[in-house]
Amino acid sequence: MRSETLKLVTVRLWWILALILLGYVGFTAGLLAGLFGALGNQLAASPGAPQLPPESLPAIVYSTTTAVGYVFPLIFGALAVTGEFRYQTLTPTFLAEPRRGVVLAAKLVVVGVAGAIFGVVGLVASMGIGAPVLALTGNDGALGSSETWLLAVRIVLAMALWAVIGVGVGSLIPNQIASIIVVLAFTQFVEPILRFGTSIWDWTAQIGQFLPGSAGDSLVGASFFTSFGAGAAGAVSLEWWQGGLVLVAYAIVLSLAGLATSWRRDVT
């Protein structure tokens with residue numbers, strides 16, 4: 001566990017990604033808080049427009065941490081594994097600990113903690129910028145509400161799970177470039193298309209709720225994608241704990257697949 005921690009903290013990757021996450025989430029949260037906060041009354045006066053109750057604004061703004069930021073722990077988790085294959089740092093690790101499943105489990109735990117830290121960083125940005133902007137537009141930031149802090153806990157948990165899923169992806173696809181291409185292609189293009197397509201019919205919506213991004217939104221309990229996206233009205237979604245279990249299942253399946261394939265090969 002200690003060696004896995006040292007591997008992460010002695011490189012610049014984690015804090016570079018954290019800084020980008022901080023700026024990206026902060027900008028998005030501030031933009032949405034200003035836009036939705038200012039347009040709230042106008043939307044309410046237009047029955048045909050998407051309705052956004054003022055009490056739902058804080059959750060939507062704060063959940064930008066996962067809505068737009070989940071790709072950062074996902075990439076971090078993948079790079080934490082693929083970097084070891086690329087630079088062959090797994091070789092001395094396996095010599096010191098020949099039980100490769102133990103090594104993978106340690107990495108899952110350490111990267112999961114790092115993902116939770118990414119979640120905290122994202123919340124600092126979304127709440128630190130989103131709440132004041134909401135206040136400027138005459139809306140309550142709801143920082144004194146227990147529901148807001150329960151939302152924050154679920155966001156941190158979701159970010160931790162995304163990082164663990166990233167480890168699974170990197171274990172299954174050890175080539176660093178290929179792994180990142182797959183992550184970006186799926187999260188930015190493939191899944192959004194699938195989520196839109198499955199929202200058209202009721203029976204496909206029942207399947208679409210098990211997509212990783214949909215499950216992540218269900219775990220968090222809020223997202224501007226689900227509030228304004230396809231099927232927002234009467235959309236099908238899992239309970240928060242069910243969404244969490246779906247993400248855990250993805251992490252387990254990907255990690256076991258990686259353990260049974262590339263993780264068993266010689267690193268040369």
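Contact here means heavy atoms within 4.5 Å. The model shown is predicted.

**View 1. Tyr-62 and its contacts.** Neighbours within four places in sequence are left aside here. Tyr-62 then touches Leu-123, Ser-126, Met-127, Gly-130, Ala-131 and Leu-134, among others. Its contacts also include Gly-141, Leu-143, Thr-148, Leu-151 and Ile-155.

**View 2. The largest nonpolar core, with 69 residues.** In soluble globular proteins, nonpolar side chains tend to be buried together.

**View 3. Helices α5 and α9 packed together.** Helix α5 spans residues 71-87, and helix α9 spans residues 176-198. Their axes are 9 Å apart, at an angle of about 165°. Angles over 145 degrees count as roughly antiparallel, so α5 and α9 are roughly antiparallel to each other. Their crossing is right-handed. On the α5 side, the contact includes Val-71, Leu-74, Ile-75 and Arg-86. On the α9 side, Gln-176, Ile-180, Val-183 and Leu-184 are among them. By class, the contact has 8 nonpolar, 6 polar and 1 charged residues.

**View 4. Gln-88 in the loop between α5 and α6.** Most residues other than glycine have a negative phi. Gln-88 is not a glycine, yet its phi is positive, near 60°. Is Gln-88 buried or partly exposed? At 36% relative accessibility, Gln-88 counts as partly exposed.

**View 5. Ala-142 in the loop between α7 and α8.** Ala-142 has a positive phi of about 60°, although it is not a glycine. Its relative accessible area is 17%, so Ala-142 is buried.

Key
Residues numbered from 1 in each chain as written. Predicted model: local features only at pLDDT ≥ 70, side-chain atom pairs only at ≥ 80, totals over all residues. Heavy atoms only, no water. Axes fitted to C-alpha atoms, helices over the stretch in contact; angles between N-to-C directions. Helix = DSSP H or I, 4+ residues; strand = E, 2+ residues; numbered from the N terminus. Parallel < 35°, antiparallel > 145°, perpendicular 65-115°, else oblique. Left-handed = near helix turned anticlockwise from the far one by under 90°. Nonpolar A, V, L, I, M, F, W, Y, C, P; charged D, E, K, R; others polar. Core = buried A, V, L, I, M, F, W, Y, C linked by side-chain atoms within 4.5 Å. Buried < 20%, exposed > 50% of the residue type's maximum accessible area, 1.4 Å probe, protein only.
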